[in-house]
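Me: I have a structure to go through. Can you put it up, and I'll ask as we go?
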Amino acid sequence: MGSIRMIDIAVNFTDGMFKGIYNGKQCHVADIATVLTRAWSAGVDRIIVTGGSLEESKQALAIAETDGRLFCTVGVHPTRCKEFEESTDPEQHFQALLSLAQEGIQKGKVVAIGECGLDYDRLHFCPSEIQKKYFEKQFELARATKLPMFLHMRAAAEDFCEIVERNKDKFSAGVAHSFTGNAEDRDKLLLFKNMYIGVNGCSLKTSENLDVVKGIPVERMMIETDSPYCEIKSTHAGISLVKSFWPSKKKEKYDQDCIVKGRNEPCLIRQVLEVVAGCKGVVGIDQLSRTIYHNTCRVFFPHDLDSAADALLSGGPGAQ
């Protein structure tokens, strides 16, 4: 796989599929450890586990504590924002998120507030007014913790950008992950100097998607799988640009040496990098991966960049 280093900024390891459960049915053993082994061999050297509710953020932190290369987010996904009002007291719920984030920061594990934002594709889960109210509220978490934001924007670019604009002084940087918007949405996001765009299989489905991704400056991009969702399917426009494949078997015929057919996992971030390179007409992916890696460290792992810079200045072990 060469010496390419990648960081997967979005993995839903709290999802039942990584416990071998699909639609409530146990199909195979829990296999996060196996999935991680494949990821590390493919050149992934860090993974951010997504938290999308208070409970899920607790689970994400517990998973992140099992390996030095795992980190996580703490926040409430737009489709779950009703949990603030269904709890005994919204303010108490907010405080519980804040304490969890602070605990995770002390452990060196929580690197962002999120996943939060707006999702107007799935209003049946949570009405837009509640989404907007608690999206705005979560900027207070970013301000209190000085963490970047891990953001979700689906069919809501106008309201999303308006809320970000109002709160832009409360957070240092952010990434709009799993981006599926059009060129206009992309350009609105890029107007925020501290905003990056996260690309995965869902961002690479159609030839229009590929054109939009082509227009994201590499300096403002991150890559992710959002696994177990958002794989690059054989019907997607991006598939023709994929060069790396893994053997797969159906979940009912589980084999730990194969990926589960239809379940995305972090090793496949390599394919996302290959499609981005292909649609941008980049010949070698080494430089592309270095820039994207650097972007990701700048936002989520700034200490790394500081220590690398110090090492370069002092001619120490980090000097390349």
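Me: What covers the buried residues of α6?
Reply: The cover includes β6 (110-119), α5 (128-145), β7 (149-154), α7 (183-190) and β9 (195-199). Contact means heavy atoms within 4.5 Å. Helices (H or I, at least four residues) and strands (E, at least two) are DSSP runs, numbered from the N terminus.

Me: Which residues of α6 are buried?
Reply: In α6, residues 157-166, they are Ala 157, Phe 160, Cys 161, Ile 163 and Val 164. Buried means under 20% relative accessible area, exposed over 50%, partly exposed in between (1.4 Å probe, protein chains only).

Me: Where do they sit around the axis?
Reply: They are on the same side of α6, because their arc is only 160 degrees. That arc is taken from the directions from the helix axis to the C-beta atoms.

Me: And the other side, buried or exposed?
Reply: Glu 158 and Arg 166 are exposed there.

Me: What is this model based on?
Reply: The model is predicted; local features need pLDDT of at least 70, side-chain atom pairs count only at pLDDT 80 or more, and totals for chains, interfaces and linings use all residues. Residues are numbered from 1 along each chain as its sequence is written, and side-chain values use heavy atoms, with hydrogens and water left out.

Me: Whole chain now. How many helices and strands?
Reply: The chain has 11 helices and 12 strands.

Me: How much of the chain is buried?
Reply: Buried residues are 57% of the 320.

Me: What does the C-alpha trace span?
Reply: About 55 × 50 × 40 Å along its principal axes.
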